[in-house]
Amino acid sequence: DKKIPFFVCLDEMNLAPVEEYFADFLSVIESRKRKTDGRIVTDAIVPASIFNEKYAGDFNIFIEMGLKPVNENWKADDINALENNEEAFVRQDIVDELKNEGLTIPQNVVIIGTVNMDDTTNSFSRKVIDRAMTFETIVGEFGRDYFNGDLSLAYVENPRKGELFISDEVRATEMLTDGRYSLTDKEEDEILSFINNINKDLDGTPFKISYRILNETILLYRAKKEIYKLMNDGEDFEEDVVFDTDLNTIFDDILMQKVLPRIEGDYEKCNSCLVKLSARSADNDWTKSEEKIEFMLKRFGSDKSGFTSFWN
């Protein structure tokens with residue numbers, strides 16, 4: 001069901017270098033495009049030729065994938081003997097799509113990776129960080145509620161709408177040109193000013209940002225506005241949930257999730273840009289980013305000999 005999000009979680013993702021085993025995925029997500037019917041598709045991660053290949057009589061790739069034959073008694077050789085125009089599977093539409101387009105990554109598949117950023121694991125390259133939204137979880141102060149009972153996982157009675165989790169846009173310029181969303185002149189100026197000023201602060205470093213982050217700033221802004229509407233103008237959020245949709249909050253989020261994770265190195269390489277970003281964060285009330293930058297600056301140590309990074 002393409003209206004239902006499916007989450008794939010890769011735990012301990014950086015026990016091995018991500019680029020070595022995830023290269024195909026990192027490449028194919030760059031090919032995402034929005035079709036005229038609104039579907040977002042990628043190039044094939046497994047080509048159509050694999051699904052059209054003639055295998056040995058006792059092997060059928062679609063049976064191996066778990067697709068159910070029209071006749072439950074059919075075996076691989078029975079299906080392989082059918083004419084091409086005969087329906088062999090209950091979900092023949094899946095078979096036809098794989099034969100025509102190959103295996104693509106549909107828009108309702110969400111990839112989440114968990115990592116522990118310590119000295120025993122592999123660090124991320126900027127290629128990986130640029131293609132992800134980074135969320136850091138930090139253990140706070142423990143309270144006595146820890147002893148009140150274990151936390152059990154269970155299905156919720158009223159799950160969130162699937163549309164809240166499924167991307168429906170890829171390129172901001174295409175979305176704006178086609179009239180599916182619009183920005184005011186003031187919003188355009190503020191977004192361009194944000195990106196250009198961040199790059200001024202990063203001037204002379206290898207951390208400068210490009211069109212991808214400009215694109216994702218606009219898409220995140222629009223997505224939060226749409227989510228707020230889908231949640232009945234915010235009324236369906238729980239009482240303790242704070243969900244800000246103003247543009248300045250988006251800038252704080254982008255700085256935290258897309259820019260600061262790119263910055264790592266010694267004092268000479270990183271201090272100047274971090275000091276500038278810290279001052280800009282303070283001026284604009286980007287409180288999350290300001291706190292994180294303060295942490296990153298402290299890692300140099302009093303003698304300025306330390307190495308800093310985003311990760312705790």
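Modeller: Partly exposed means a relative accessible area between the buried limit, under 20%, and the exposed limit, over 50%. This is a predicted model.

Colleague: Is Asp 43 buried, partly exposed or exposed?

Modeller: The buried class ends under 20% and the exposed class starts over 50%. Asp 43 has a relative accessible area of 40%, so the class is partly exposed.

Colleague: Which side chain meets Asp 43 in a salt bridge?

Modeller: Asp 43 sits in the loop between β3 (40-41) and α3 (48-52). Its partner is in strand β2, ten residues apart. The N to O distance is 3.2 Å, and the partner is Lys 33.

Colleague: Is Lys 258 buried or exposed?

Modeller: Lys 258 belongs to helix α11, residues 247-259. Buried means under 20%. Lys 258 has 1% relative accessibility, so it counts as buried.

Colleague: Which backbone oxygen does the side chain of Lys 258 reach at 2.7 Å?

Modeller: Lys 258 touches several residues, among them Ile 129, Asp 130 and Ala 132. The backbone oxygen of Asp 130 lies 2.8 Å from a polar atom of the Lys 258 side chain. At 2.7 Å, the side chain reaches the backbone oxygen of Ala 132.

Colleague: How many residues apart in sequence are the parts tied together by Lys 288 and Asp 253?

Modeller: The two form a salt bridge, with the closest N and O atoms 2.4 Å apart. Lys 288 lies in helix α13 and Asp 253 in helix α11, so the pair ties together parts whose separation in sequence is 35 residues.

Definitions and conventions
Residues numbered from 1 in each chain as written. Predicted model: local features only at pLDDT ≥ 70, side-chain atom pairs only at ≥ 80, totals over all residues. Heavy atoms only, no water. Helix = DSSP H or I, 4+ residues; strand = E, 2+ residues; numbered from the N terminus. Buried < 20%, exposed > 50% of the residue type's maximum accessible area, 1.4 Å probe, protein only. Polar contact = N/O pair within 3.5 Å; in protein donor to acceptor, adjacent residues only side chain to side chain. Contact = heavy atoms within 4.5 Å. Salt bridge = Lys/Arg side-chain N within 4 Å of Asp/Glu carboxyl O. Lists of a residue's contacts leave out its neighbours within four places in sequence.
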